[in-house]
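This briefing is meant to be read alongside the sequence and the coordinates.

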Amino acid sequence: MSKKEHEEVFIGSIDQGTSSNRFIIYDHLARPVGMHQIEFTQYYPEAGWVEHDPMEILEGVKLCMATAVNKATADGHNVGGGLKAIGLTNQRETTLVWSKSTGFPLYNAIVWMDSRTSGVCRKLEKELSGGRTHFSEVCGLPISTYFSAVKLLWLMENDDTVKEAINSGDALFGTMDTWLIWNLTGGLNGGLHVTDVSNASRTMLMNLKALEWDHPTLETLGISVKILPKIVSNSEIIGNIAKGWPIAGIPISGCLGDQHAAMLGQACRKGEAKSTYGTGAFILLNTGEEIIVSKHGLLSTLAFKLGPKAPWLRDNLEIIETANEIEALASQVESTGGVYFVPAFNGLFAPWWRDDARGICIGMTSFTNKAHLARAVLESMCFQVKDVLDSMHKDAGEQGEVKNEKGEFLLRVDGGATVNNLLMQIQANLMGTPVVRPADTETTALGAAYAAGLAVGVWTEKEIFASEDRMRRTSTTFRPKIDEELRNKKLESWCKAVSRTFDLADL
């Protein structure tokens with residue numbers, strides 16, 4: 001890009017995900033030269049509850065940073081002399097509160113998929129005049145277990161330690177980006193309490209137009225602005241890494257929620273969409289500078305501001321030993337044999353928004369074997385993406401999406417699961433449009449690196465979005481291989497299966 005070929009310039013990227021931490025180092029051409037990844041523990045205290053240990057995540061990030069630097073250095077890269085900045089991307093909505101006097105969490109982090117707050121949501125819907133959409137005009141989000149505000153309310157109502165810390169002025173609230181940056185920049189010794197606009201936009205507390213905390217919303221919910229972090233842009237120098245961390249003194253100059261980072265990593269322009277396949281499937285469409293209010297169950301969320309299911313099969317059912325095995329297993333059969341799997345383990349999110357839904361697997365007969373179940377799991381991921389994209393097309397209309405010279409809408413994909421060729425082919429089949437997979441599928445970390453590099457002059461915005469053409473030349477395209485009649489029949493059956501998941505939470 002803008003740096004000379006021979007110049008040793010590097011940007012680091014922390015990728016704090018739902019199941020693992022990673023640190024990736026990129027050179028000036030945005031090529032990865034060093035990486036280390038560590039999984040961390042998932043805690044399930046009760047049905048529908050999901051928690052993470054913030055201290056375990058912190059130590060994991062530190063180890064990933066040190067190990068990735070050592071790997072890149074061992075391969076001959078002068079990372080110590082050429083590292084200009086780091087970016088950070090993280091699982092969104094996951095919520096924690098910690099003590100500003102001790103630096104320790106007051107409770108485990110409550111993960112985005114956790115559904116313990118359904119009672120809080122129902123109470124708010126009944127008490128507020130606007131019901132479920134009371135705050136939607138301001139923040140773009142409905143009242144849902146998904147978002148950080150209701151997780152914070154649950155902690156305030158159910159944990160005395162959190163309640164006392166807030167009342168005494170000793171509490172700090174944040175999503176995972178805030179927790180990491182506070183610790184990376186010094187913690188008790190002057191750590192910066194900040195979040196970025198993309199993560200703030202998923203709390204239900206930020207005014208989507210002003211890009212600031214919305215005081216009427218805070219007043220309605222009884223949340224003090226004093227415990228909230230300062231909101232910054234996605235690409236600016238936030239602060240420097242403190243002593244005690246690897247690469248101390250290096251600036252942190254990029255921060256985005258994971259799905260926003262993937263959108264930047266894919267260089268999605270207005271009218272283009274991407275889908276990330278990881279712990280879940282997450283689809284975003286860039287609508288440009290216009291906020292489109294969805295009428296089809298979708299969310300309005302800020303993309304970025306540049307400038308100031310396979311684990312269930314592996315871990316629970318033990319049908320496979322590693323996630324990589326699912327493609328070979330599912331390829332043993334030509335179809336699911338009429339089996340449909342709906343992974344509503346903690347309810348259904350967009351576009352259904354049913355927190356009373358629970359996971360089901362229907363259509364099984366004596367003919368069904370584990371290969372049919374594996375294929376049904378892959379299909380379920382693709383059906384969910386199709387549901388959201390259909391709603392996006394309805395909201396955005398023909399003028400809101402970009403098509404190629406053949407008149408085709410292209411879905412750009414990324415994330416670990418996209419290495420599964422069968423999954424990508426199923427996705428193309430069910431959508432009826434091409435699916436484009438880049439050579440480097442880890443665009444979430446790349447997006448954070450782009451934001452960081454932009455802030456310190458390693459890349460320009462023009463160069464970042466020009467990278468789309470380069471990615472296209474090295475990408476793989478999957479085209480539909482089934483006809484419209486079969487596609488519609490499968491979609492009709494999927495919708496029928498989804499309807500069977502409703503009202504099962506009390507079983």
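The points below are grouped by topic and refer to a predicted model.

**Loop residues with positive phi**

- Glu93 sits in the loop between β5 (83-90) and β6 (95-99), and although Glu93 is not a glycine either, its phi is positive at about 70 degrees.
- The relative accessibility of Glu93 is 2%, and Glu93 therefore counts as buried as well.

- Within helix α6, which spans residues 160-168, the buried residues are Val162, Ala165 and Ile166.
- When the helix is viewed down its axis, the buried residues of α6 fall within an arc of 100 degrees, so they line one face of the helix.
- The exposed residues on the other side of α6 are Glu164, Asn167 and Ser168.
- The elements that cover the buried residues of α6 include β6, α5 (148-158) and β8 (171-175).
- At the start of α6, the backbone nitrogen of Thr161 has a side-chain oxygen of Asp159 within 3.2 Å.
- Just after α6, the backbone at Gly169 adopts a positive phi of about 80 degrees.

**Packing of α5 against α6**

- In general terms, a pair of packed helices is described by the angle between their axes together with the distance between those axes.
- For α5 and α6, the packing angle is about 100 degrees and the axes are 6 Å apart.
- Since angles of 65 to 115 degrees count as roughly perpendicular, α5 and α6 are therefore roughly perpendicular to each other.
- On the α5 side, the contact is made by Leu155, Met156, Glu157 and Asn158, while α6 contributes Asp160, Val162, Lys163 and Ile166.
- By residue class, the contact of α5 with α6 divides into 4 nonpolar, 1 polar and 3 charged residues.
- Val162 and Ile166 take part in this contact with α5, and both belong to the buried residues of α6.

Notes:
Residues numbered from 1 in each chain as written. Heavy atoms only, no water. Helix = DSSP H or I, 4+ residues; strand = E, 2+ residues; numbered from the N terminus. Buried < 20%, exposed > 50% of the residue type's maximum accessible area, 1.4 Å probe, protein only. Arc of directions from axis to C-beta. Contact = heavy atoms within 4.5 Å. Polar contact = N/O pair within 3.5 Å; in protein donor to acceptor, adjacent residues only side chain to side chain. Axes fitted to C-alpha atoms, helices over the stretch in contact; angles between N-to-C directions. Parallel < 35°, antiparallel > 145°, perpendicular 65-115°, else oblique. Nonpolar A, V, L, I, M, F, W, Y, C, P; charged D, E, K, R; others polar.
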